[in-house]
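Colleague: Thanks for making time for this one. Could you walk me through the structure, one point after another?

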Amino acid sequence: MAANIHDQSFSIVFGLLGNILSFFVYLAPLPTFYRIFKKKSTEGFQSIPYSVALFSAMLLLYYAFLKQHDAVMLITINSIGSCIESIYLIFYQIYATKTARQFALQIYTTKLVIFFNIVALGLIILVTLVFFKGHLRVSIVGWICAIFSVCVFAAPLSIIRLVIKTKSVEYMPFPLSFFLTLCAITWFLYGFSLRDFYIATPNILGFSFGITQMILYLVYRGETKALVLPDSNNKVQLEQFPNANNVQQSTVNQNQEGAMNYGVAGMISNSQVVPSELNV
């Protein structure tokens with residue numbers, strides 16, 4: 001009895017800290033959307049991170065409602081996350097009409113939202129409600145959350161490869177990697193204290209990749225900045241410049257901004273699902 005109370009106390013502390021950290025992580029793309037607002041254009045920014053983030057937050061909300069016990073922290077932050085990501089997507093849709101290319105991105109974003117949040121999520125809810133009951137239903141949804149989280153957490157390999165190849169940390173800001181790692185550790189401890197391994201297990205990958213990124217930052221922090229440019233075959237090539245403050249740099253940094261929004265408590269991560277304008 002005393003042990004259970006002790007574990008619940010820890011879970012409340014870690015849950016509150018996780019909510020606070022995750023809330024600020026959700027706000028990290030604000031500079032991107034401020035830029036979009038100033039230019040009245042989405043330029044080359046893609047909406048994939050925000051579409052996937054909305055899906056993962058809503059999926060975790062469904063898991064939390066099924067779980068019922070010890071689910072307040074999950075419900076709170078993922079409700080907030082769902083609202084924030086919805087606002088991002090609405091904002092994106094408003095300013096993605098300036099050119100024909102951006103209009104195509106607007107259509108693509110609509111398709112993404114329909115696929116993830118209506119078709120995929122609806123199918124998961126329908127199948128689990130109709131064919132499964134009780135603890136088995138919770139376990140299956142928990143496994144779906146965990147598997148999706150692992151897939152998302154594997155994405156940082158792209159930015160790690162970019163850093164090693166360019167010997168530059170221009171596209172991997174240390175503060176962002178640090179807070180994402182801290183966030184993953186917090187949610188791991190939250191899940192572990194509740195013996196909720198659907199939450200705890202994926203975050204092991206999260207803080208492992210985060211620590212790897214911070215080590216790479218310490219190794220390459222003094223190196224020359226790299227500029228990403230498209231070559232004649234529409235592939236990415238890397239050239240060295242003393243200062244690369246341009247559109248390409250900003251869009252590659254969106255990888256680091258946007259990918260941390262893949263949900264919370266199992267899906268918030270250092271992952272980079274590449275939303276660069278170079279691969280539209």
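Modeller: Gladly, and let me start with a term: a polar contact is a pair of N or O atoms within 3.5 Å. Please keep in mind that this is a predicted model.

Colleague: Which backbone oxygen lies 2.8 Å from a polar atom of the side chain of Thr166?

Modeller: Thr166 belongs to helix 7, which covers residues 156–166. In an α-helix there are 3.6 residues a turn, so residues three or four places apart point the same way. The side chain of Thr166 has a polar atom 2.8 Å from a backbone oxygen, and that oxygen is the one of Leu162.

Colleague: Is Thr166 buried or exposed?

Modeller: Buried means under 20% relative accessible area. Thr166 has a relative accessibility of 5%, so it counts as buried.

Colleague: Let's step back to the whole chain. What pattern does the chain follow along the sequence?

Modeller: The secondary structure comes to 10 helices and 2 strands. Among the contacts with a separation of 6 or more, 76% are between residues 24 or more positions apart. Of the 280 residues, 52% count as buried. Read along the sequence, the pattern is α-α-α-α-α-α-α-α-α-β-β-α.

Colleague: How much of the accessible surface of the chain belongs to carbon and sulfur atoms?

Modeller: The accessible surface comes to about 13,200 Å². The share that belongs to carbon and sulfur atoms is 72%.

Colleague: What span is expected for helix 9 at 1.5 Å a residue?

Modeller: Helix 9 has 24 residues, 197–220. Its buried residues include Pro202, Asn203, Gln213 and Tyr220, and at its start a side-chain oxygen of Asp196 reaches to within 3.2 Å of the backbone nitrogen of Tyr198. From first C-alpha to last, helix 9 reaches 35 Å, close to the expected 34 Å.

Colleague: On to the aromatic rings. Is the pair of Phe174 and Tyr217 stacked, edge-to-face or tilted?

Modeller: There are 21 aromatic pairs in the count. The ring centres of Phe174 and Tyr217 lie 5.0 Å apart and the planes meet at 45 degrees, so this pair is tilted.

Colleague: How many residues apart are Phe174 and Tyr217?

Modeller: Phe174 is partly exposed at 27% relative accessibility, and Tyr217 is partly exposed at 23%. Phe174 sits in helix 8 and Tyr217 in helix 9, and the pair links distant parts of the chain, 43 residues apart.

Colleague: What is the angle between the planes of Phe178 and Phe179?

Modeller: Phe178 is partly exposed at 36% relative accessibility, and Phe179 is partly exposed at 44%. Their rings form an edge-to-face pair, 5.3 Å centre to centre, with the planes at 80 degrees.

Colleague: One last question: what is the distance in space between Ile94 and Gln106, C-alpha to C-alpha?

Modeller: Ile94 lies in helix 4, residues 72–94. Ile94 is exposed, with a relative accessible area of 52%. Ile94 and Gln106 are 12 residues apart in sequence, and their C-alpha distance is 8.6 Å.

Key:
Residues are numbered from 1 along each chain as its sequence is written. This is a predicted model: local features need pLDDT of at least 70, side-chain atom pairs count only at pLDDT 80 or more; totals for chains, interfaces and linings use all residues. Side-chain values use heavy atoms; hydrogens and water are left out. Helices (H or I, at least four residues) and strands (E, at least two) are DSSP runs, numbered from the N terminus. Buried means under 20% relative accessible area, exposed over 50%, partly exposed in between (1.4 Å probe, protein chains only). A polar contact is a pair of N or O atoms within 3.5 Å; within protein, one must be able to donate a hydrogen and the other to accept it, and residues adjacent in sequence count only if both atoms are side-chain atoms. Contact means heavy atoms within 4.5 Å. Accessible areas come from the Shrake-Rupley method with a 1.4 Å probe; for residues, only the protein chains shown count as cover. The expected span of a helix is 1.5 Å times one less than its number of residues. Rings of Phe, Tyr and Trp (its six-membered ring) pair if their centres lie within 6.5 Å; planes under 30 degrees apart count as stacked, over 60 as edge-to-face and the rest as tilted.
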